[in-house]
Structures are given as C-alpha cells and as structure tokens.
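Please look through the sequence and the model below before reading on. The explanation that follows takes up side-chain pairs and then the packing of helices.

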Amino acid sequence: LLFLTDEAGVCSAFASHPSRASKLAAMLVEFLRKLCDVKAREGLRVDQPDKLGWHPKKMLSDTAQLLLHAASRVPAFVQTLAACDNLDVPLLHTAADILEHKCKDH
C-alpha cells in the first residue's frame, strides 16, 4: 500500500473517496496505536522477530509515510483523519517522538 500511495493517482483513489478515506484513516490510526501505545505493544512481542520478518520500527515508519502520502496528495484527507473516531492527538505526538528518536535508520 505504501508503494501504491507513492503515485498521486492511486493515492487519490484511496484517500479522496469518502468511505475509503475514512477506512484508511481509521486503519492508520489503529496501526499507530498498536505500534506506539505501551499497553498495545506488549501484545506485539514475538520470539525470533527477524525469522518472522517482524520489524515494528519499519512498520511504524511505513505507516507514518503512508499517512503523509495521503495527507500531502489529498489535502481533504487531513479533515477525514481529524474526524476519525479513534484519533488520539497525543498518540500522533508519541509516534513522532518514537520516529525521531528510535527509528532514524528506517
């Protein structure tokens, strides 16, 4: 999805149609919550993460990029995101902090 949203036309198909945009926003917020919330992260621990291809820092970076792709290519997506029922603004700050301090190489 990240690769696809790099193209403006494809991104617009996901982020400009109201029902798809609201689902995309809810999905991205939920991914951020699962990856950034301390309690939610406990459920994401796995044995042998490299063997399973589990790289949560990369997933957080990719999720943030996807959100930024949608917001920059379809400005109305920002309002859709703001209207999202599960949006938690402090969560966005937490995600930004984690990205800045722990995900520099992703």
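**Salt bridges and a helix pair**

In this predicted model, D62 forms a salt bridge with K58, and the closest N and O atoms of the pair lie 2.9 Å apart. Both D62 and K58 belong to helix 6, where they are four residues apart, or about one turn of the helix. K58 is partly exposed, its relative accessible area being 40%.

A search of the whole structure finds two salt bridges, and E30 and R33 also meet through their side chains in such a bridge, at 2.7 Å from N to O. E30 and R33 both lie in helix 3, with a separation of three residues, which is about one turn of the helix. E30 counts as partly exposed because its relative accessible area is 26%, a value that falls between the limits of 20% and 50%, and R33, at 31% relative accessibility, is partly exposed as well.

The helices that carry these pairs also pack against each other: helix 3, residues 18–36, and helix 6, residues 56–73, meet at an angle of about 150°, with their axes 10 Å apart. Because angles over 145 degrees count as roughly antiparallel, helix 3 is described as roughly antiparallel to helix 6, and the crossing of helix 3 with helix 6 is left-handed.

On the helix 3 side, the contact is made by L24, L28, F31, L32, L35 and C36, which meet P56, M59, L60, T63, L66, L67 and A70 of helix 6.

Key
Residues numbered from 1 in each chain as written. Predicted model: local features only at pLDDT ≥ 70, side-chain atom pairs only at ≥ 80, totals over all residues. Heavy atoms only, no water. Axes fitted to C-alpha atoms, helices over the stretch in contact; angles between N-to-C directions. Helix = DSSP H or I, 4+ residues; strand = E, 2+ residues; numbered from the N terminus. Parallel < 35°, antiparallel > 145°, perpendicular 65-115°, else oblique. Left-handed = near helix turned anticlockwise from the far one by under 90°. Contact = heavy atoms within 4.5 Å. Salt bridge = Lys/Arg side-chain N within 4 Å of Asp/Glu carboxyl O. Buried < 20%, exposed > 50% of the residue type's maximum accessible area, 1.4 Å probe, protein only.
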